[in-house]
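I opened a notebook page for this one and kept the entries brief. Here is what I looked up, in order.

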Amino acid sequence: MFACLRAAALSLLFVLGLAACQRDTPVADAMVADAGETADPSAAVVTVSDAWVRATPPGAAVAGGYFTLTNNSTQPLRLVAVETPAAPGVEIHEMRSVDGVMQMRELNEGVVLDPGQPVTLAPGGIHLMLMAPPTALAAGDEVTLRLVFEGADAIEVQAPVRTGAPTSGDAAHH
């Protein structure tokens with residue numbers, strides 16, 4: 001019986017070694033998430049939950065994007081970029097209160113994801129800015145977001161478009 005367990009463990013290590021060598025194959029090819037969570041959270045390095053994009057009126061300059069990320073690995077990762085066909089550019093921003101005044105700044109270095117610690121992108125905090133969407137984003141639509149990481153492969157998420165009451169300090173931006 002010990003020989004069988006040893007053979008199984010060696011086979012598993014071989015498969016994991018092959019997977020590690022194939023970093024050119026993005027997770028997005030094997031895993032596309034819906035609005036809820038990634039397709040198989042137990043197999044994902046990063047899980048995404050509660051993804052959504054704020055509906056916009058025609059001609060809006062920006063739209064907000066939100067979700068929760070959890071790093072399931074043992075090493076810190078970083079969300080460095082987001083891409084979408086719904087807008088020509090996406091920026092990662094942070095709103096915070098400085099001396100009682102809400103300020104927004106772009107996070108050029110991205111967002112660090114510590115192992116096991118969920119990071120929530122939400123109105124009034126860290127969030128996405130979908131820049132200059134060419135068409136209005138209507139409640140009920142879906143937006144594909146491609147999340148690009150340093151330390152992990154990119155993944156795609158389907159985020160529903162919905163309306164939502166802005167939080168304090170968020171109304172002017174989303």
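**Entry 1: a loop residue.** I note at the outset that the model is predicted. I started at Ala61. Ala61 sits in the loop between β2 (46-54) and β3 (62-71). Is Ala61 buried or exposed? I read a relative accessibility of 57%, so Ala61 counts as exposed. I then listed what Ala61 touches, leaving out residues up to four places away in sequence: Leu130, Met131, Ala132 and Pro133. I also checked Ala61 against Pro134. The two are 73 residues apart in sequence, and their C-alpha atoms are 9.0 Å apart in space.

**Entry 2: the core.** Next I went to the largest nonpolar core. I find 32 residues in this core. Which residues have the most contacts inside it? They are Phe67 and Leu147.

Entry 3: I turned to β5 and β6. Strand β5 covers residues 89-98 and strand β6 covers residues 101-106. How do they run, parallel or antiparallel? They run antiparallel, and six bridges join them. The two strands form a hairpin with two residues between them. In the turn, Asp99 has a positive phi of about 55°. Across the pair, I see His93 opposite Glu106 in β6.

**Entry 4: salt bridges.** How many salt bridges does a search of the whole structure find? It finds three. I took them one at a time.

I stayed with the hairpin for the first entry. Arg105 and Glu94 meet through their side chains in a salt bridge, at 2.9 Å from N to O. Arg105 lies in strand β6 and Glu94 in strand β5, so this pair ties together parts 11 residues apart in sequence. Arg105 is partly exposed, with a relative accessible area of 39%. Glu94 has a relative accessible area of 18%, so I log Glu94 as buried, the cut-off being under 20%.

Then I looked at Arg146 and Glu83. Their closest N and O atoms are 3.1 Å apart, and they form a salt bridge. Arg146 is in strand β10 and Glu83 in strand β4, so the pair ties together parts that are 63 residues apart in sequence. I have Arg146 as partly exposed at 27% relative accessibility. Glu83 is also partly exposed, with a relative accessible area of 40%.

Arg78 is partly exposed, with a relative accessible area of 24%.

**Entry 5: past a strand end.** I finished at Thr163. Where is Thr163 found? I place Thr163 in the segment after β11 (155-162). Thr163 has a relative accessible area of 60%, so I mark Thr163 as exposed. Leaving aside neighbours within four places in sequence, Thr163 is in contact with Ala55 and Ala139. Thr163 and Gly140 are 23 residues apart in sequence and 9.3 Å apart in space, C-alpha to C-alpha.

Notes. Residues are numbered from 1 along each chain as its sequence is written. This is a predicted model: local features need pLDDT of at least 70, side-chain atom pairs count only at pLDDT 80 or more; totals for chains, interfaces and linings use all residues. Side-chain values use heavy atoms; hydrogens and water are left out. A nonpolar core is a set of buried Ala, Val, Leu, Ile, Met, Phe, Trp, Tyr and Cys residues joined through side-chain atoms within 4.5 Å. Buried means under 20% relative accessible area, exposed over 50%, partly exposed in between (1.4 Å probe, protein chains only). Helices (H or I, at least four residues) and strands (E, at least two) are DSSP runs, numbered from the N terminus. Contact means heavy atoms within 4.5 Å. Two strands pair if DSSP finds at least two bridges between them. A salt bridge is a side-chain nitrogen of Lys or Arg within 4 Å of a carboxyl oxygen of Asp or Glu.
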